[in-house]
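Biologist: Could you walk me through this two-chain model, with the cut-offs behind each term?

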Amino acid sequence: MAGLQDIRRRIRSVKNTQQVTKAMKMISAVKLRKSQERLVALRPYAGKMMEVVRRVVSRIKGDSEIQPGPAAQAFLSPREEKRIRVVLVASDKGLCGGFNANVLKAANAFAAETTAEIVHLDVVGKRAAEWARKRNLTAAGEYLGIPLTGFQRVVTEISEGAAAQYHAGEIDALYVIYNYFNSPMSQTPTVFRVFPMELDRRTEGREAVEVSHLLEPDPNAVLETLLPRFVETELLRNLLESSASEHGARMAAMDKASNNAGEMIAKLTLTMNKIRQAGITNQIIEIVSGANA
Amino acid sequence: MSQSIKLEVVTPERPVFSAEVSEVQFPTAARGYYGILPGHTPLMTEVGDGLLYYVQDGQKHWLTVFGGFAEVGPDRVTILARESETVDMIDLERVEADRQRALKLLKEAHTEHDLASAQAALDASLIRLQAAGHPAGHGF
């Protein structure tokens, strides 16, 4: 039978692919756990940090006696956004479903929508770098193949650079475009403005009731050290969100691929058995008709 | 007025401590140690390196803190520490090794920068030893 050999070969090939996708799924599960652990550990800190910054900022806003220093300005009185710095976070590798496509689509939409000029683009991950090249954008900062342990360094570099640019009046805002980690199965591409900080009405109303803080040794000294830490923490959280999302997306994609491979194997096996059976039946018929004659 | 303070210590790596306590004292970067009792004026300041203690059921307990920020309210103290650990988390052997290494580096240091980083490492190990009640820490 001509078809039989081909089908056997195909089954073997699909089995090999399935083995690869299964292994990749397993690896992603381990990596996901690592990223997720760090993210879950950081979230309470980031949450508290956000709370504290909101309280201090709304406190300073409500007090006309305090003259905010340059770093504090970034959070208190947003300037008109003419020039912005954008950090685009995608992954280094593919095979992770819609992970990169979704975040790059969000980046496209953001680039089309914004009226401000993107004067400084940082890309994290090869896919983000490729996107920038395709759109003829020059990425001032390229961070490729960064391991989980290298995030802190990236974050420090970007946040210090952005703070200096803000002071020099080169940029008016810092945005991050990344995948928010809802759960291992679901990610949401998100555009987040790190600073100037958005104090929504809800929190401002609530914080107004709070008693005012003493800021020691003096308000500016506290803000000047607190705000860079806040930016760093938020950036680190965004990178971890993206990393956890990536591994979650890859795990889901590889799981699906393994299942599809399984289905395909089942189908091919069925066809193969049918053909084999047909062959046997044919031979029997031939023998029987031969004997009858 | 509430008679207790909710003390929370969190670091980027993990939440370290969270409980109701009756008194807290922590090191600040600029002004020495701050002791906080229930009903304290709201306050926000930078945390220094050193030992934090809290009193719970009349018992004093120690934590190490290294940098970060403290936010104080009438019924809460939130420490956003760069690093922090409870006494249980301290690995004495490792800290002792750190101390010896720091001492060695201190002797070999040539530049201002090397000297400062070796001194900082030594201080950190001494703070940890002191928290764990190790005799070497008491010289600090």
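What follows is a conversation in questions and answers about the chains and how they meet.

Modeller: Happy to, and two conventions come first. This is a predicted model, in which local features need pLDDT of at least 70 and side-chain atom pairs count only at pLDDT 80 or more, while totals for chains, interfaces and linings use all residues. Residues are numbered from 1 along each chain as its sequence is written, and chains are lettered from A and ligands numbered from 1 in the order in which they are written.

Biologist: In which order do the elements of chain B run from the N terminus on?

Modeller: Helices (H or I, at least four residues) and strands (E, at least two) are DSSP runs, numbered from the N terminus. On that basis chain B has 2 helices and 7 strands. From the N terminus on, the order is β-β-β-β-β-β-β-α-α.

Biologist: What is the radius of gyration of chain B, and why does it agree with a compact globule?

Modeller: The C-alpha trace of chain B spans about 55 × 25 × 25 Å along its principal axes. The radius of gyration is taken over C-alpha atoms, and the globule rule is 2.2 Å times the number of residues to the power 0.38. For 140 residues a compact globule would have a value near 14 Å, and chain B agrees with that at 16 Å.

Biologist: How many Å separate the centres of the two domains of chain B?

Modeller: Domain bounds come from an automatic or database domain assignment, and here they give domain 1 (5-88) and domain 2 (91-139) of chain B. Two residues are in contact if their C-beta atoms, placed from the backbone, lie within 7 Å. By that test 7 residues of domain 1 of chain B are in contact with 7 residues of domain 2 of chain B. Taken over C-alpha atoms, the centres of the two domains are separated by 23 Å.

Biologist: Which element supplies the largest share of the side of chain B that touches chain A?

Modeller: Across the interface, 18 residues of chain B are in contact with 19 residues of chain A. β5 (43-56), β6 (59-73) and β7 (76-86) of chain B each supply at least two residues of the side that touches chain A. The largest share of that side, 4 residues, comes from β5(B).

Biologist: What is the bridge partner of A:L214 in β5(B)?

Modeller: Strand β6 (residues 214-216) of chain A is joined to β5(B) by 3 bridges, and the two run parallel. In β5(B), the partner of A:L214 is B:L43.

Biologist: Turning to chain A, which are the edge strands of its open sheet of 5 strands?

Modeller: The order in this open sheet is β3-β2-β1-β4-β5 (chain A), with mixed pairing. Each edge strand pairs on one side only, and the two are β3 (141-143) and β5 (186-195) of chain A.

Biologist: At about what angle does helix α3 of chain A run to β4(A)?

Modeller: Axes are lines fitted to C-alpha atoms, for helices over the stretch in contact, and angles run from 0 to 180 degrees between N-to-C directions. Helix α3 (residues 99-113) of chain A lies across β1 (83-89), β2, β4 (173-183) and β5 of chain A, and its angle to β4(A) is about 150°.

Biologist: Is A:L88 buried or exposed?

Modeller: A:L88 lies in strand β1 of chain A and touches, among others, A:A107, A:L121 and A:I177. A residue is buried if 20 or more other C-beta atoms lie within 10 Å of its own, exposed if 12 or fewer, and partly exposed in between, with C-beta atoms placed from the backbone. Because A:L88 has 28 C-beta neighbours inside 10 Å, it counts as buried.

Terms used:
Pairing = 2+ DSSP bridges. Lists of a residue's contacts leave out its neighbours within four places in sequence.
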